[in-house]
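I opened this notebook to record what I looked up in one protein structure. The entries follow the order in which I consulted it.

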Amino acid sequence: MRFRPTGGIGSPKAGQAAQARAEATGTDIPEEVFDVSKHNKEIEQAENIAAGLPADEKTAPVQEKEYKRDFREPRLETPAEVREFDDEDDTDTFKPVPVSDPRPEGIVETIRAAANRVVRKVQRLIKPVHRIHKEVIINAESLEIRVAVLEDGKLEEFTIERTSDERLVGSIFKGKVKNLEDGLKAAFVDIGFEKNAFLHYWDIVPAAFDSGVEIVEREGRRREKPRITQKDIPRLYPPGSEIIVQVTKGPIGTKGPRVTTNLALPGRYLVLLPNSDQSGISRKIEHPEERQRLKKIVRELSIPDGMGVIIRTVGEGQQARYFVRDLALLLEEWEGIQARINKQPPATCVFQEPDLVERTVRDFLTEDVERIVIDNNRQFERIKEMISRISKRSINKVKFYAEHQPLFDRFNITRQLETAFSRQVHLKSGGYIVIDETEALVAIDVNTGRHKSSGRDQDSTILRVNLEAAEEIARQLRLRNMGGLIVLDFIDMKQRRDQQQVYNKLREGLRRDKAKTHVLPISQLGLLEMTRQRHSESVRAAVYDDCPYCKGRGKVKSALTMSVEIQRKLSEILKRRQRDETDFQLRIVVNPSVLDRLQTEDEKLIVELEKRYFGKLSFRKDPAFHSEQFKIINVANNEELASVGS
C-alpha cells in the first residue's frame, strides 16, 4: 500500500492497471488508434454467450496455442553459457558484415557506382558521424520468413511468420449482416468463414481515440455528423444489409472472429482513418517542440472530408514531404479498396494485411536503417519495387545476399537466437536471468550468478546486475514477443533510490517496444509487476510444440517411481484373482531403463511378491515403450490385464 494512488484504490490511476491487464490479453493492429477497453467487459460477456459459453469465462489469447501443463519443478542446473559474440568480436568498434554488391551493368552504371562511393567517402571525411549500425536481415524461405533487426551486430528484434499462416487480423471484409441479437447488443456478420463474425454495437458506434493518441483539432475540417447511438443500429444495419468491417481478433475455439467498423489503414508514418474525421499524434512522441511541429503538419495535410490520420511514432523527426507522400499512398490504397467494395460480392476480403516482408519495409525502412539484406531474389526485386514508390534514394539500402553460407549464420544471428529459446540468459557482469513462461503469466528471476561480493561492494554489485538485467529483460520481451502478465524478481535492494533507478532503466528500455506496456513500481517484496500487450503469438509458441514425451512438464517419472507403480498394479491384480491349484503367470512389458531397476535394486521385492500371492512374474523390455508406459499380460490366454501410459 506504500504506492497507493492518490484518491484511493478506486481512483483513475488505479484503474489504469486494471485496464492494462485487460489489454495484455488482447490483440490489435500496431499503433493503437481507438479506445477498445471502455466497453471490453460487456463485449466479451456478449461474445461468450453468443458462442454458448458462460458469460464470464476467460479465453486464451488470440492465435496463442493452448498448453496443458502439469506442475513443473524448477530446473536448478545451469546450462552451458550461450555467448552472442566470439571473443575476437568483443571489440569497442563494430564493423558491419561486408555484403558484395552485384557488378554494375554497362559503362553508365559503373561510373554512377564509382561516383557514389567517392561521395560517401568525402561525406565521412568532412562530417564524421558516430551512429549505431542498424540493419534489417530478411531470410525468406518457402515455408517461413524470418526478420532480424541488428544494432551494432546485436540482435534487437526478431519476427517469424509461416507462409501458410492466414493474415486475418487487420484485414478488411465486405460483410453481410445475418442477424441482430438485441439481448447481446451484437450483430453477426457473414465474411466468408464458417463462423460468422461477432460485431458488438459498441464496435459499430464511432469510437473515441485510445489514450495513447492526442487529438489534433483541424479548423474548418470537421463536419457535424448526426450522432449514432446503439438504438440506431437495427435501423441502419438490418439483417441482409452490407457492412464494411475490419478484423480485430481472430477466431478462438467456438468463437468466430471479432470485427469493427472503425477502420484503420497503417502506413509508414501515418495511419489513415477512412470512417473518422478526427486526427491525432502518438503520445510516444514526447518532445514538446516536435509535437507542435507535427501538429502543424497534420493541420496542413490535404485530408479528404470525413477522414482522419494519426501520426505514428516513427514519424518523429521526419520532414513534411514524407507525410504528404505517405498520405497519397494511403489514399490510393483506400481508392483500390473502395473499387473492390463496389465490384466484389458480399462475404469477401477487400484488403488483406500485408505479409511480413511488406510490413518490414513499411515499419523499419527509416533514416537510421543503413541497409536491408535479403537472400531471396524474387523478394529482393519486390522490395525494390515497393521502396521505389516510397523513397527512390533508399533503394541503394537494399542488398541481395547470394553467398553459400546461410544468411543468419553470416550475420551471427543463429547463435544469438539460441538465447531466445534458452531458459537462462547470461549477463556480461556474470549474473543471469531465468525466464519461465506459464499458462497465466511470465516469471523472470534475476540472479548474481558467479559474481559474488561482500561488504561495501555488495550493494553496488547488486545494483549493477539489476540494471543490466532490466536492460536485457526489455530486449528479451521484444525478441520472444512475450505478452500478458509479467512478474520480475530482481535481487533485493535495500535503498529505495536503487529500486527507482532499476525501475527507470526498465521503463527506458520498454520505450522502443511497439507493444503497449504498463509497469508498476517495485513492491515491498522486491517484485516488479508489468503487462505487455499481445500482438501475435510468442516466438516460443510459434516454433515449439509441447514435448509428446513429457507432456510439457519438462520432466518424466523416474525408474524408481515406475517400479513402485508397477508393483502396486501387480499387487492389485494378484489380490483380485481367486486362489486355485493352477499357476498364474503374468508378463510385464516395460521400458529398458525401468527393467534395469526391477532386475537389480528391486529384485528381492519382486520375488517376495511372487511368494506372497503365489504368482509367476516374467519381464520383457521394449525400447519403443515410453519410460512411463507398461503392460501386464496374462500368459495363459494372452489377455491384457493392464496398460498404463500407452
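**Entry 1: terms and ground rules.** I first wrote down that a nonpolar core is a set of buried Ala, Val, Leu, Ile, Met, Phe, Trp, Tyr and Cys residues joined through side-chain atoms within 4.5 Å. I took buried to mean under 20% relative accessible area, exposed over 50%, and partly exposed in between, with a 1.4 Å probe and protein chains only. I noted that this is a predicted model, in which local features need pLDDT of at least 70 and side-chain atom pairs count only at pLDDT 80 or more, while totals for chains, interfaces and linings use all residues. Residues are numbered from 1 along each chain as its sequence is written, and side-chain values use heavy atoms, with hydrogens and water left out.

**Entry 2: the largest nonpolar core.** Which residues touch the most other members of the largest nonpolar core? I found Phe490 and Leu506, in a core of 30 residues. The elements giving two or more residues to this core are β18 (432-437), β19 (441-447), α11 (456-480), β20, α12 and β22. Here helices (H or I, at least four residues) and strands (E, at least two) are DSSP runs, numbered from the N terminus. Helix α11 supplies the largest share of the core, 9 residues. I then listed the contacts of Leu506, where contact means heavy atoms within 4.5 Å. With neighbours within four places in sequence left aside, Leu506 touches Ala470, Ile473, Ala474, Leu488, Val519, Leu528 and Met530. Another core, of 27 residues, lies apart from this one and includes Ile303, Met307, Trp334 and Val350. I recalled that in soluble globular proteins nonpolar side chains tend to be buried together.

**Entry 3: the sheet of six strands.** I traced an open sheet of 6 strands in the order β17-β18-β19-β20-β22-β21, with mixed pairing. Two strands pair if DSSP finds at least two bridges between them. At the edges are β17 (424-426) and β21 (517-519), each of which pairs on one side only. Neighbouring strands of this sheet are turned by 20° against each other on average, direction ignored. For such angles, axes are lines fitted to C-alpha atoms, for helices over the stretch in contact, and angles run from 0 to 180 degrees between N-to-C directions. Strand β21 is joined by 3 bridges to β22 (residues 527-532), and the two run antiparallel. His518 has Thr531 in β22 as its bridge partner. Helix α12 (residues 496-510) packs on the sheet and touches β20 (484-489), β21 and β22, and its direction makes about 175° with that of β21.

**Entry 4: the sheet of five strands.** I found that 5 strands form an open sheet in the order β3-β2-β1-β15-β16, again with mixed pairing. Strands β3 (154-162) and β16 (398-400) stand at the edges with a single partner strand each, so one side of each has no neighbour in the sheet. Strand β15 (residues 369-374) runs parallel to β16 and is joined to it by 3 bridges. Ile374 stands opposite Phe400 in β16. Helix α8 (residues 377-390) lies across β1 (134-140), β15 and β16, running at about 165° to β16.

**Entry 5: rings.** How many aromatic pairs does the structure hold? I counted 5. Rings of Phe, Tyr and Trp (its six-membered ring) pair if their centres lie within 6.5 Å; planes under 30 degrees apart count as stacked, over 60 as edge-to-face and the rest as tilted. Tyr269 and Tyr322 form a tilted pair, 6.0 Å centre to centre with 35° between the planes. Tyr269 lies in the loop between β10 (265-266) and β11 (270-273) and Tyr322 in helix α6 (residues 320-343), so the pair ties together parts that are 53 residues apart in sequence. Both Tyr269 and Tyr322 are buried. Ring pairs also link Tyr269, Tyr322 and Phe323 into a cluster.

Entry 6: Is Lys295 buried or exposed? Lys295, in helix α5 (residues 288-300), counts as buried because its relative accessibility is 12%. Ser276, in the loop between β11 and β12 (279-282), also counts as buried, at 12% relative accessibility. Leaving aside neighbours within four places in sequence, Ser276 is in contact with Phe34, Gly306, Met307 and Gly308.
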